[in-house]
Each structure stands twice: as structure tokens, then as C-alpha cells.
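Open the model in a viewer and keep the selection tool at hand. The stops below say what to select and what is found there.

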Amino acid sequence: MKTGTLIRHLLSHLLIIALGLLMIYPILWMIISSFKPNNMIFSDTSLIPKAVTIQNYISGWKGYAGVSFGKFFLNTLLMCVGAVVGNLIACTMAAYAFGRLKFAGRNLWFGVMMVTLMLPAHVTIVPQYILFNAFGWVGTFLPIIVPKFLAMDAFFVFLLVQFIRSLPKELDEAAIIDGASPFGVFFRIIVPLATPALVTTALFTFLWTWDDFFHHLLYLTNPPVFSVSRALRTFVGDAGAVSNWGAALAMATLSMIPPFILFFSLQKYFVEGIATTGLKG
Amino acid sequence: MRRQQTGIVTFIRRNAVAYIFLTPWFLGFFVLTLYPMLYSLWLGFTDYDFTQPDSTQWIGLGNYLKMFGPIWGLSQFTTSTGEVMRVDPYYLKSLSVTFTYVFASVPLKLGFALAVAMLMNQKLRWVPFYRAVYYIPTLLGGSVAVAVLWRKLFERDGLVNSFLETLGFTDLPGWITNPKYAIWTLVLLSVWQFGSSMIIFLAGLKQIPQEYYEAASVDGASKARQFFAITIPLLSPVILFNLVMQMISAFQVFTQAYIIGGGSGGVLNSTLFYTLHLYIQGWTYHEMGYASAMAWVLLLIIGVFTVIVFRTSDMWVSYGTGE
């Protein structure tokens with residue numbers, strides 16, 4: 001019996017490891033290929049490169065239309081930070097109202113918020129574009145950042161509402177008896193206790209803004225404001241041909257570093273966030 | 001008297017506080033959601049062109065006829081304004097591409113995610129580490145970087161073909177450039193990103209009491225029987241949730257299709273996804289009235305499918321505790 005379990009576990013480990021290697025092989029290959037000379041990327045499929053060069057990184061870093069990748073990274077980072085700050089402020093405020101405060105029309109507005117959760121972005125994108133264009137915002141980061149300050153990511157409002165509702169109500173009540181205002185309760189009780197959910201919100205906001213392409217394609221219309229994902233697209237020609245594979249893979253590899261760092265340093269929040277609310281990845 | 005007044009004041013104050021906290025959301029909802037929705041509904045009945053908004057005309061169901069006209073063999077028609085409009089020869093293609101993708105990728109992805117989750121739901125060491133590794137494709141999968149990588153992998157002389165050649169296959173196609181296979185590379189890309197479904201399944205599996213399986217084993221039920229009699233019914237709410245979420249996002253896939261097709265629908269429009277077609281119509285051709293109409297049809301399609309899934313879920317989802 002004991003040996004049977006042991007063998008079963010061993011087989012499971014082997015299966016999981018083999019499958020896992022297959023899963024991440026493309027990414028490993030990409031990282032390694034980015035260090036291969038351009039003419040060997042096609043011919044050399046092994047993980048151990050026959051020649052190593054950083055030429056791809058040098059030529060890729062030059063960027064597009066005279067703007068370097070350094071600028072693209074800075075742009076993306078700026079947008080991500082703006083988006084995170086916006087979501088943290090606006091979504092937490094909305095979630096506190098929905099999750100804790102009693103007010104006329106609460107169920108109605110909560111229902112409306114839940115409906116917007118399911119709404120495909122495309123039904124609002126054309127008028128939003130027309131609107132932002134009228135404001136003169138096309139070609140700036142504002143169309144990406146401003147909606148975050150207006151709690152437009154209903155996903156996070158929902159996540160935070162769920163979390164805030166799970167906090168013991170006695171704490172608020174005790175604070176109110178002690179003379180705290182609803183604002184005091186918000187800042188001194190809800191925000192500190194909701195930290196895990198806030199980290200999850202910040203994490204996914206950062207990642208989704210980092211990886212977003214559709215909105216960047218629409219609004220970041222000239223090279224000085226390009227994001228990393230928008231800039232990576234310039235490696236792929238209009239007919240789909242790629243002229244400089246080495247540089248494309250090198251910059252693609254660099255673009256994966258921030259998500260990687262966040263993922264491995266904050267793994268716990270990832271798993272909790274996904275498991276409790278089913279955040280799409 | 002005074003007591004009543006304080007009551008009213010408190011009432012107003014209580015509501016005011018909540019509405020202060022909701023101000024950003026309200027502003028966003030009215031300005032960036034409700035108004036745009038109604039506006040795009042209206043645009044859908046016009047020939048709004050972004051470059052010449054002043055000549056916008058109401059064309060009734062013209063945009064909708066432009067989409068679905070080919071079903072009745074129409075190639076052009078006259079709108080109420082007397083304007084002759086050509087039907088969109090690619091719309092139905094984009095619809096079929098998207099449906100193929102949704103119906104293939106969602107079940108495959110969920111099946112794979114469940115299989116891996118069950119494999120991980122054993123008392124094994126290092127499961128958190130394995131789970132992290134399996135999540136990596138999902139972490140990066142939606143990015144342009146991975147879409148660029150995918151192009152490289154599935155080219156005629158890409159990594160996948162090199163692998164297959166070492167296994168003895170010859171005469172391999174360029175998967176991306178062959179209209180028969182191109183969409184399947186995207187289905188595979190979607191299945192590869194099974195990570196979040198897997199984590200949700202894993203959390204669901206952990207909720208199932210181990211005693212059920214032990215009792216079933218004592219009664220002599222096979223593993224397969226246990227899977228269908230215990231795992232599936234008890235996991236069904238989680239399956240429903242994953243199904244709905246994955247379906248909704250599969251209908252809207254854009255980035256991967258855009259990059260793999262190089263900004264177009266690929267060879268013979270074989271990867272002309274719905275949202276890609278919408279983007280091309282709206283932003284390449286500036287036909288934003290038509291793009292808006294397309295967006296509303298997409299909303300209806302997603303809505304109808306979501307309702308269908310929920311309606312049929314009565315038949316296979318059990319919310320009982322299993323007692």
C-alpha cells in the first residue's frame with residue numbers, strides 16, 4: 001500500500017514536471033533565442049545556444065522612429081502607476097459605499113455595477129474615442145488613466161466589495177460609538193483591513209495595463225507616447241513579416257520582466273485574487 | 001420636533017456620505033458607460049464617418065443589412081436616404097471565425113485546466129511551485145510579446161516544425177500562413193493560458209470533502225464513476241463560472257489575432273476575429289457608425305449565449321452541499 005502510493009506520487013511528479021516543461025518551453029526558448037545571433041534563431045532549436053550575443057538587445061533598444069525602448073518602458077511604467085493609483089482610490093471608495101454604507105438606491109446601483117462587469121468594452125469604445133478625441137486626449141496617456149480614477153474597472157469594485165463585506169462589522173460599529181465619522185471608519189478601519197484585496201487590485205491593474213494592447217493601439221498614436229506593447233507591434237510588419245526577429249525577441253523578453261518580478265514576489269495575492277473572484281488572467 | 005429634524009438630517013447625511021464615496025463611479029458610469037452606450041446605439045443607425053462627422057445621416061437598419069445581407073444573397077441595397085450601400089463581404093466570415101474559436105477554445109481550455117487541477121489536487125509536495133510554473137503562460141499570454149513569439153513558433157521554419165521533423169514528420173505547412181490551420185494556432189494559444197481556470201478549479205476541488213471519495217471507494221465505485229458522481233456535480237458551480245467568464249472573454253479576443261495577422265485578418269481572413277474586424281472598420285476605414293452597430297450585435301450575441309448557459313445550467317449545476 002505504502003509503496004503503491006509512493007510510486008503513484010512519483011509518477012504524478014514526473015507527469016507534472018514533464019508537462020510543465022512543455023508549457024514553459026516556448027518562453028525559455030524565447031529568452032535564450034534573444035541571445036543568439038539573428039541568423040541562428042531559425043536554424044538552432046536547442047536551448048543551449050552555440051553562440052551568445054547581446055547584439056539583439058542593443059539593436060532592439062534603439063526602438064522605433066528615433067525613440068528608444070527606455071522611453072517606451074518609462075511611458076508604460078508611468079501609465080501603470082497612474083492606473084494603479086486611480087483604481088486604488090476610486091474602486092475602494094465605490095466598494096466601501098456598496099459594501100458598508102446604507103443609502104437609498106443601493107441595490108439598484110449595485111446591480112447596475114454588476115451589469116457593467118459583463119459589458120464588452122466595444123459597445124462604449126467608439127463614443128469614448130470620439131469623446132476623448134474632442135478633449136484632445138488622443139495621443140496622450142489620459143484616455144488610459146482617467147477611466148481608472150472613475151472606477152471603471154467594475155471587476156475590482158466587485159472584488160473589494162466582497163472583501164469589505166467579509167470584514168467584521170463590529171469594528172465599524174465600535175468606531176462609530178467612539179465618535180468616528182464614516183470617513184474615519186473608511187480610512188482607519190476599512191482601508192487598513194482591506195490591504196490584501198488592495199494589493200490584489202494593484203497587482204492586476206498593473207499587469208493588465210502593462211499587457212493591454214487594444215487601448216494603447218487606439219490612443220497612443222505617436223512614437224513618443226508609445227507603450228511597450230504598442231512598440232513591440234512595430235516589429236511585426238503590416239503583412240505580418242518580421243524584419244528583425246532577434247531584436248523582437250529581445251525586447252519581448254525584456255517586456256516580460258516586470259510581470260515576472262511582480263508574480264514571483266506577490267504570488268500569494270495572485271492565487272487568492274484568482275481563486276476568490278475568478279479574475280481572468 | 002427636534003428629534004424628527006435630526007432624523008431627517010441624519011437621513012440626508014447618511015445618503016450624502018455614500019454618494020460622496022460613489023461620486024467617481026457615478027461620473028464614470030454616466031459619462032464613460034451609459035452615455036457612450038446610448039450614443040453608440042444611435043451611431044449604429046447612422047453612417048457616421050469619423051473624418052466627416054457633419055455629413056452623418058440616419059440610415060435606419062442599413063448597417064445591420066450590411067452585416068447580414070449576404071445571408072439572403074444581397075450584394076448591395078438602397079438605404080432610406082437613397083444612398084446605395086454595399087454589403088460587408090467579410091462580416092459573416094468574422095462571425096464564423098469567432099464562433100469556431102469560442103466553441104473550440106473554451107471547452108478545450110476548461111477540460112485541460114480541470115485535468116491539470118485534478119493532477120495537482122493530490123497531497124504532493126511542491127504543488128505551490130508547480131502551480132506557479134503552470135500559471136506563467138497565463139501571466140504573459142495576453143501580451144504582444146507572446147503573440148510575437150507565437151508567430152515565430154508556428155512559422156514554416158519555426159520551432160514547432162523543427163520538433164515535428166525530428167519526430168519524422170515531413171512536408172509540414174506554415175501553420176500561421178495556412179488558412180486551414182491559422183485559427184488553430186490561436187486556439188492552442190488560448191488553451192495554453194489555462195492558468196486562472198486551473199487555479200479556480202483547484203480551489204473548488206479542495207472544497208470537496210475527502211470522505212465522499214473514501215465512502216465511494218468502500219462501496220466499490222471506480223475512479224471514473226467517482227469523477228462523474230462526485231467531482232463533476234460538486235464542482236459544477238465552479239465549472240459554470242469558468243465557462244461563462246471564459247466564453248465572454250473568448251468572444252472579445254483581439255491582441256493575439258491582431259499581431260498574428262499583422263494587423264489584418266491573416267491569409268484569406270482566416271483569423272479575422274470579430275473585434276479585429278470591428279477595429280479595422282472603425283479605425284482603418286473610419287466607419288464608426290458601422291463599427292458601433294457591430295459592437296451592439298456582439299453585445300447581443302454575448303448576452304444571448306450567457307442567458308443560454310445560465311438557463312441550461314439548471315440541468316447540470318447542483319448547488320446542494322451534497323449531503
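This is a predicted model: local features need pLDDT of at least 70, side-chain atom pairs count only at pLDDT 80 or more; totals for chains, interfaces and linings use all residues.

**First stop: Gly99(A)**

Select Gly99(A) and show what surrounds it: leaving out residues up to four places away in sequence, Gly99(A) touches Arg106(A), Val161(A) and Arg165(A), where contact means heavy atoms within 4.5 Å. Gly99(A) lies in helix H3 of chain A, residues 69–99; helices (H or I, at least four residues) and strands (E, at least two) are DSSP runs, numbered from the N terminus. Gly99(A) and Val161(A) are 62 residues apart in sequence, and their C-alpha atoms are 4.9 Å apart in space.

Residues are numbered from 1 along each chain as its sequence is written, chains are lettered from A and ligands numbered from 1 in the order in which they are written, and side-chain values use heavy atoms, with hydrogens and water left out.

**The core around Phe98(A)**

Next, select Phe98(A). Which residues touch the most other members of the largest nonpolar core? They are Phe98(A) and Trp25(B), in a core of 197 residues. Such a core is a set of buried Ala, Val, Leu, Ile, Met, Phe, Trp, Tyr and Cys residues joined through side-chain atoms within 4.5 Å. Beyond four places in sequence, the contacts of Phe98(A) include Phe103(A), Trp109(A), Phe110(A) and Met113(A), and also Leu22(B) and Trp25(B) of chain B.

**Between the chains**

Colour the two chains separately. Here 92 residues of chain B are in contact with 92 residues of chain A. The buried area, which is the accessible area (1.4 Å probe) that two parts lose on being put together, summed over both, is about 8,300 Å², and carbon and sulfur atoms give 80% of that. In chain B, select Phe21(B), Trp25(B) and Leu32(B): these lose the most area to chain A, together 10% of what that side buries. Helix H1 of chain B (residues 2–43) gives the most to the side that touches chain A, with 24 residues.

**Thr255(B)**

Move to helix H11 of chain B, residues 255–260, where Thr255(B) is placed. Thr255(B) counts as buried, because its relative accessibility is 10%. Apart from neighbours within four places in sequence, Thr255(B) is in contact with Phe213(A), Gly142(B), Ser143(B) and Val144(B).

**Met85(B)**

Select strand E2 of chain B, residues 84–86, to find Met85(B). Is Met85(B) buried or exposed? Met85(B) counts as buried, at 10% relative accessibility. Among its contacts beyond four places in sequence are Ile59(B), Asn63(B), Lys66(B) and Phe77(B).

**Two loops**

Finish with two loop residues. Most residues other than glycine have a negative phi. Trp126(B), in the loop between helix H3 (91–120) and helix H4 (127–141) of chain B, has a positive phi of about 65°. Leu268(B) has a positive phi of about 50° and sits in the loop between H11 and helix H12 (274–284) of chain B. Leu268(B) counts as exposed because its relative accessibility is 66%.

Notes
Buried means under 20% relative accessible area, exposed over 50%, partly exposed in between (1.4 Å probe, protein chains only).
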